[in-house]
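Dear colleague,

Please find below the structure that I am handing over to you. My findings follow it.

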Protein chains: 2
Amino acid sequence: MSSTDAVTIPAPVDDLRAWQSVLAHVEAQLLDGTLSPGDHLPPERTLAADLGVGRSSVREAVRVLEAMGLIRTQTGSGPSAGAIIVATPQGAMSALLRLQVAAQGFRVRDVVKTRLVLEAAVVADVAGAASPDLEPSERLLDAMDSSELTPQEFLALDAAFHVSLAAASGNEVVTAMMAGLRSSIEGYVQAGLAVIDDWEATAARLREEHRGILAAIVAGDAFTARARVHSHITGYYTQTALVTEAPPTPETTAVVAAPTGTGHIALSRRTAEQ
Amino acid sequence: MSSTDAVTIPAPVDDLRAWQSVLAHVEAQLLDGTLSPGDHLPPERTLAADLGVGRSSVREAVRVLEAMGLIRTQTGSGPSAGAIIVATPQGAMSALLRLQVAAQGFRVRDVVKTRLVLEAAVVADVAGAASPDLEPSERLLDAMDSSELTPQEFLALDAAFHVSLAAASGNEVVTAMMAGLRSSIEGYVQAGLAVIDDWEATAARLREEHRGILAAIVAGDAFTARARVHSHITGYYTQTALVTEAPPTPETTAVVAAPTGTGHIALSRRTAEQ
DNA sequence: GCGGTAATGTGGTCAGACCACAGAGAGGCG
DNA sequence: CGCCTCTCTGTGGTCTGACCACATTACCGC
């Protein structure tokens, strides 16, 4: 692994499989700007002819691109048909994490810990932002106040609320990861419902905690927001015995122990700053 | 939105495309334990016959599974041939993030910010761990001391070092994400080399910073480890003008400024858990 | 017994065909 | 002249059959 020669050119040939060469071709065109979001991929038959591969190989690459959230395919004719570059990572991230959890490549414990880290950072970030758009989050909380919700519907709104916080941070990477992490353990979360004796009490507590988190964010109190998110998430998972031990996550415990207090803090508007 | 009825059961039928039904079939078998890591997927022709779809549709699903890092396919015959469940998420996560960055679904800025959050949490976690295995990280640092490395080789080892820290935390989700985040902006990192006048000086600084991070971890000082990681990462990106503004990432600056002192905090034992 | 060779079963690829679908255009009708 | 309908065309979605490369396994001759 030194530097200059030494390699004697082992096998610079492309022993890529046919579909991989198609994928590489598309990726290269994305990188050099030949393809951009909104553009159409060439028709499969054309692409096959251009690259000298069979249409089925092109289709396998297209399938991967679709699964990765890069394109959207549609049958028919006209401007909206065909394969269009869209770059919607959420679904792909969800699928990836969900499958990996299903195949035991990811442990639920690690998923929860990661979610804790990301979400704590998110709320701290949003709390420190100039004028975050928290309207979607608030509307979700209002929707969750309905007493007619089934536990499943409640949890769906719950998940959407948490993702909406990530969206408010403006970080699409974290947003996609949060959505994926949540969906990957959705089955376990729903299974956790079984061990809850008094669902209404639990729902009421969750509603209160959500309001508390949002209040801390609006107040611009990052410390409190972090602490509340931490206890909110660990609370549910320990209650449902989904995760045995509550991971202390040093940085958050330190924050919890911080002397900032959890009472009403300032409520400063922190308007113009950006 | 609302609650009970209203939907009139829109379309419970499976208008899944053929390849999606194959994917769903495999995922269901993963979830109920019929398939586990190490198992073989049925041969494509068998699977096609069983599910009543064409072999090409099966192949598209298999291709997605392979791209998602769930299986490894091999030609030939015998126990090692065929499609085997492996669940290796790193490559898939890297591909996903890389493609999304290429397609402008993810901004480089967000990738860097996310990396900052995750890596700060990782070092704090490892610093608080009972007996983390830091030997791989140390060996990578030793390898980076060589003066014969090209910048590219140095950066490759650099990336491996950061991923090794995540691996030391034992959280495979974060490890995969870290590897993916890094690889997704690898092109930009290498492009950043161009604006560095004195590479040797930069390399020396990076070496020193790496040692400093590892030292803080070994000392169990989570706060210092976080702070050093933060400045280490932002340092390179601001130097190479990859990210214009240095994102302060409230929680880290807050932690650095926290009055708790940098002494032993946390140090949660987290002994037997595996 | 042993070595070499054929058979077998797997994924990888290609070619061709057909279908469903949706827009575009030509044509007819009022 | 305008509107409506109908065909035409191009797209992805799917299936079938065929062939290849490859690695193991079984068999056969020695």
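Through which surface do the copies meet? This is a predicted model, and in it 91% of the interface residues of chain B are also interface residues in chain A, so the copies meet through the same surface. Chain B can be superposed on chain A with an RMSD of 0.1 Å by a turn of 180° and a shift of 0.0 Å along the axis. The two copies are thus related as by a two-fold rotation axis.

I turn next to DNA strand D. There are 26 residues around DNA strand D, of which A:Arg59, B:Arg17, B:Ala18, B:Gly54 and B:Ser57 come nearest. By residue type, the surface near DNA strand D consists of four nonpolar, 14 polar and eight charged residues.

A polar side-chain atom of A:Arg55 lies 2.9 Å from a base nitrogen of DNA strand D. Two or more residues of the surface near DNA strand D come from each of α2 (44-51), α3 (55-67) and β1 (71-74) of chain A, and from each of α1 (18-31) and α3 (55-67) of chain B.

Finally, the largest nonpolar core has 160 residues; among those that touch the most other members are A:Leu165 and B:Leu165. Leaving aside residues up to four places away in sequence, A:Leu165 touches residues including A:Val122, A:Leu134 and A:Ile217.

With kind regards

Note on methods: Residues are numbered from 1 along each chain as its sequence is written. Chains are lettered from A and ligands numbered from 1 in the order in which they are written. This is a predicted model: local features need pLDDT of at least 70, side-chain atom pairs count only at pLDDT 80 or more; totals for chains, interfaces and linings use all residues. Side-chain values use heavy atoms; hydrogens and water are left out. A residue is near a molecule or strand if one of its heavy atoms lies within 4 Å of it. A polar contact is a pair of N or O atoms within 3.5 Å; within protein, one must be able to donate a hydrogen and the other to accept it, and residues adjacent in sequence count only if both atoms are side-chain atoms. Helices (H or I, at least four residues) and strands (E, at least two) are DSSP runs, numbered from the N terminus. Ala, Val, Leu, Ile, Met, Phe, Trp, Tyr, Cys and Pro count as nonpolar, Asp, Glu, Lys and Arg as charged, and the others, Gly among them, as polar. A nonpolar core is a set of buried Ala, Val, Leu, Ile, Met, Phe, Trp, Tyr and Cys residues joined through side-chain atoms within 4.5 Å. Buried means under 20% relative accessible area, exposed over 50%, partly exposed in between (1.4 Å probe, protein chains only). Contact means heavy atoms within 4.5 Å. Copies are superposed by least squares on the C-alpha atoms of residues with pLDDT of at least 70 in both.
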